Amino acid sequence: MSHVNRRLGLPPCVLLAALAVGSGHSIDDAGAQGVRDRTRPSYTRDSTVSESQAAELTLTLAPVARRTLQTWVRTAATLDAAGKTLTTCIGGPDAALIRAGQRVRAFPPDSKASIFQARVDRVAAQTDCVLVEATLSGTSNWDAARYVMEIIVDRGQFLAVPNEAIIEEGDRQIVYVEQHSGHYVPQELGTGLKGELYTEVLQGLSEGDQVVTLGSFFIDADYKLKAPDQGATSNAHQHH
Amino acid sequence: MTISKLAAVATVVCGASLSPWLAAQEHDAHTAAGSAQEVKITDPTSVVLIVNRDSNDIAFMDIATRKIIGSVFLGNNVNPHMAMMSHDGRWVVTGGTRANKAYIIDVPTMTLVKEIPVDFAPEHLAFSPDGRYYYQGNPDGDSISVIDMVSLTEIKRIPGLVEPLNITFTPDGTKAYIGNYGAHWVGVIDVTRHELLKKIQIGEVPGVARLDPERYLGEIKGVSNASISNDGRYIYAADGDLGIVGVIDTRNDRVVKTIRVGADPWRAFMSHDGRYAITVNNGDETISVIDTAHNEVVATLEAGPDMTGVNFAAGKAFVISATSGFVYVYDMASLKPAGRIKIGVNLQLETATTDTADQTLYLASSTDHSIYVIDAETEAVERIANVGLYPWGTHIMESKDNYCH
């Protein structure tokens, strides 16, 4: 196989790129079919949403409102012999969040459905971490010594939107806001504290605004398909 | 069977001693009055991880017996891409490309403990040197997910990247370098704040190579990996379109030299002694050997098509040619070809890991669902069949050749 034929078989941009770089190398079929061409998951690149698909969507809206933001500190813990007390050591920034009295959910990693309720009843600073003890409200009947422990930390009341409403787009965060029934516009927002379920809104939205939660990605895709050359936040978009 | 008995048996089988962490865990289990989970792996260095893309699981193969101990099923249509063990051997993490999730596996019990939603198409990943964070690259989301290994949550998503493929932390853990395959620059992440600090352009980008990543992502062959020197001082970033390796000084994050290599270099692989960086050049089916002391190419050698990786063992470099069924061998003392190993015909070879003794390679072969064990000294090959469906890669804790493609 001659190099000329191989070159002619390339997409024009690849050939031009090779000429422009002036590397002096020929690029053959193996180069055109590079490692990444095979490993790149194509199925995430070619998905499209038709108008009929979008029309069948059931959109869910949620109001922008003041809500309690929570951080769930997850860690592994050991259950004592009595099956009552969970013990763990938490390091890093999360350690500062833990207080006695906080609610805890605990479950063995193998558990599919059983979640045990508990409360933090002792927090003691150690050299490199904070020792945390929590007491189960009942007795665990699971044959397990190690538990996953979620300590629920209330961070306070904030103006917030559900996390699932936010679409990350480069370094921007977008939500779709209902203008009036059936009409949605993208809105860039500034965010603060990111909780487990809700994210604090610093700018871009007002209390009472209705934002799309379930279905926001489909609206976003539909919006971009219909207006590929328009700014993402500049034009109203009608969705039925 | 109690934990202590099982651990003792497993220790004998694996021929290894308990690590301090596992000993502590065994102690914890004692205190739980027999209500412990079964410990299946007592020594995390005794196993090879196998990423089975199409059976959606991570399999654990015992190095001593070459038997599959077990596997952890992740879920339907997950398509795991790469797996890595935490530095303490406690966790295995993997990204499910099709599920858009990260998965955390507890190693001793071989149990899936957490699924974490991340951005689109997670593939390659890395742990910070202190083990606190696991960075998951999301090439289709153009982002990195920062997973906190204490809380096992995504604490931040770093945007602004372009098809980020591989992540390289500096030894001190202060920075991470990101190879952007959809662009011609390396991203520098401040690991303290988990923010993109800087974009380092690898070389002059002429003509249509300066394509807009937003529109021509599939046609750009940029930087797949930022390979770091042993002392952490320099980054070697190969750029596919440009046919060069940019050498970045990590002290000031500037390109101090660009080295012309063969056409379409996939990435640079660092020899274990740090003397050489080898690029596999799929555009002209060569490898370029760079002397890292002088940052210049000292050998350009013929190789095979569709090269996916390089492993170093027994004083040789083993270059995987995915579609030819051969592994090409080079003597690292003379920097000359030393033959090739025929693995088989009609195979699709993927990537390999090397054991910590630098003696044995474990090569994933996807289409025949096998792992090929290569003795680096004798070049004898043993096939381990039926490891799972479409094995995509392998991993050994503390190996110097843990990479993916």
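**Notebook: strands, cores and confidence**

I began with one pair of residues: B:Met84 stands opposite B:Val93 in β5(B). Strands here are DSSP runs of E with at least two residues, numbered from the N terminus. The model is predicted, so I kept in mind that local features need pLDDT of at least 70 and side-chain atom pairs count only at pLDDT 80 or more, while totals for chains, interfaces and linings use all residues. Residues are numbered from 1 along each chain as its sequence is written, chains are lettered from A and ligands numbered from 1 in the order in which they are written, and side-chain values use heavy atoms, with hydrogens and water left out.

**The sheet**

I saw that 4 bridges join β4(B) to β5 (residues 91–96) of chain B, and that these strands run antiparallel. Two strands pair if DSSP finds at least two bridges between them. I then followed the open sheet of 4 strands, in the order β4-β5-β6-β7 of chain B, with antiparallel pairing. Which strands stand at the edges? They are β4 (80–85) and β7 (111–117) of chain B; each has a single partner strand, so one side of each lacks a neighbour in the sheet.

**The cores**

Next I looked up the largest nonpolar core, which has 39 residues; B:Ile287, B:Ile343 and B:Leu363 have the most contacts inside it. Strand β26 (residues 326–331) of chain B gives the most to this core, with 5 residues. A nonpolar core is a set of buried Ala, Val, Leu, Ile, Met, Phe, Trp, Tyr and Cys residues joined through side-chain atoms within 4.5 Å. A second, separate core of 22 residues includes A:Ala95 and A:Ile98.

**B:Phe318**

I found B:Phe318 in strand β25 (residues 316–321) of chain B. Is B:Phe318 buried or exposed? B:Phe318 is buried, with a relative accessible area of 0%; buried means under 20% relative accessible area, exposed over 50%, partly exposed in between (1.4 Å probe, protein chains only). Beyond its neighbours within four places in sequence, B:Phe318 is in contact (heavy atoms within 4.5 Å) with residues including B:Val310, B:Val329 and B:Leu361. The C-alpha atoms of B:Phe318 and B:Asp331, 13 residues apart along the chain, are separated by 9.2 Å.

**Confidence**

Last, I checked pLDDT, the predictor's confidence in each residue, from 0 to 100. Chain B averages 90, and 88% of the residues score at least 70. Over residues 1–35 of chain B, pLDDT stays under 50. Where pLDDT is low, the predicted coordinates should not be read in detail. For the complex, the predictor gives an ipTM of 0.78 and a pTM of 0.63.
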